[in-house]
Amino acid sequence: MINHSLAGSPLWAWLLAALLAAVLLAAMRAALGVARARLQRRLDARGHAGLQAALEILGRTSWLILLLIAVLLAARITGVIAPWAVAASHLWFVLAALQVALWADRAITVGLVRALVNRAGGRAVTAMLLALLLRIVLWVMVVLAMLDNLGVNITALVASLGIGGVAVALAVQTILSDLFASIAIGLDKPFEVGDFVVFGAVAGSIEHIGLKTTRIRSLGGEQIVCSNTELLKQTIQNYKRMQQRRIVFGFTLAYRTPPEGVAAVPDIVRRQIEAEPDTKFDRAHFASFGESGLVFEAVYYVMIADYNHYMDIQQRINLGLLRELGTAGIAFAVSERRVQLSRERPGGDAPAEAPARP
């Protein structure tokens, strides 16, 4: 009887290995199907975001890699792999590293999108940029690990990559600085689109936050384009996130106001402020003696940050003070200046004597 063989192994061994590989592949697919079905049932019952992420990560499983793993397992069990034992040992690591890298790649994308956009309210551009950087690092590390496992000397390659990376970083230093500043803005969120900010001599609303620049619509109507790096170096006042406004205002009354009227003014101011909604009175005092009158100072809080709302309240308080102080006969101070004239002799410093009356 003729004994057919292939690569040193009987033909029946190869057929058995192929049959066993098909069984192993079917078993692995069934196991993954069961795992995904259980995750889907739990997701339908609980609706947890982590279960949805696990389903998406499992969906990145490569059936070609599973097939090759099944073939290697079957060949090792049946013994037909003996002639390529060394190559197969390296192939094990390559397949495992590829599949783990695929899962990690999907986990990075899903995790950043859910963490930055869905939960933290971040920007999709920041999530995509971070995901791209992390995926590049992941695949570079995986490729270097596979080359090292295959016996390739990666020392020179790593050194050349390091030198090239430094050269590229120096060449595009400004661009990279703005890119990382954009990532910092997306993660820390010192301001968002629509916020009214003030820094330096610029005051306006944020219109767009890009990878390199941020665009601001100023109060004058023009658009101001500012580098992300330079913007983060400034002390930024974000008025949209103001919870309340502390208002300090003053006024001056005439010196002829009687002491009883001066003592009644703080209570008048208190009544006007407490009559307004969304305000909290703090204090009102006769503060000092000014050049032209009696200086009063009042402090209160507006519990809504909107500037127009504050100005409406202040206007009503001012009108109320005008009415009530006018009813009480208390007048506001008017700036005045007195000039004293004197006559001098044409040739001397002493004043001329007044003519005697007849």
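## Salt bridges and a hairpin

Author: Let's start with the hairpin: E5 and E6 form it with four residues between them, and Gly221 in the turn has a positive phi of about 105 degrees. This is a predicted model, where local features need pLDDT of at least 70, side-chain atom pairs count only at pLDDT 80 or more, and totals for chains, interfaces and linings use all residues. Residues are numbered from 1 along each chain as its sequence is written, and side-chain values use heavy atoms, with hydrogens and water left out.

Reader: What makes E5 and E6 a pair of strands?

Author: Strands (E) are DSSP runs of at least two residues and helices (H or I) of at least four, numbered from the N terminus. Two strands pair if DSSP finds at least two bridges between them. Five bridges join E5 (residues 213-218) to E6 (residues 223-227), so they pair by that rule. The two run antiparallel, and Ile216 stands opposite Ile224 in E6.

Reader: Why is the contact of Arg135 with Asp105 called a salt bridge?

Author: The term asks for a side-chain nitrogen of Lys or Arg within 4 Å of a carboxyl oxygen of Asp or Glu. Here the closest N and O atoms are 2.8 Å apart, so the pair qualifies. Arg135 lies in helix H5 (residues 124-149) and Asp105 in helix H4 (residues 85-119), so the bridge ties together parts that are 30 residues apart in sequence.

Reader: How do you know whether Asp105 is buried or exposed?

Author: Buried means under 20% relative accessible area, exposed over 50%, and partly exposed in between (1.4 Å probe, protein chains only). Asp105 has 7%, so it counts as buried. Arg135, at 34%, counts as partly exposed.

Reader: What makes Lys240 and Asp195 a salt bridge?

Author: Their closest N and O atoms are 3.8 Å apart, so they pass the 4 Å cut-off. Asp195 is buried, with a relative accessible area of 4%. There's a network too: salt bridges link Asp195, Lys240 and Arg241.

Reader: How many salt bridges does a search of the whole structure find?

Author: The search finds nine.
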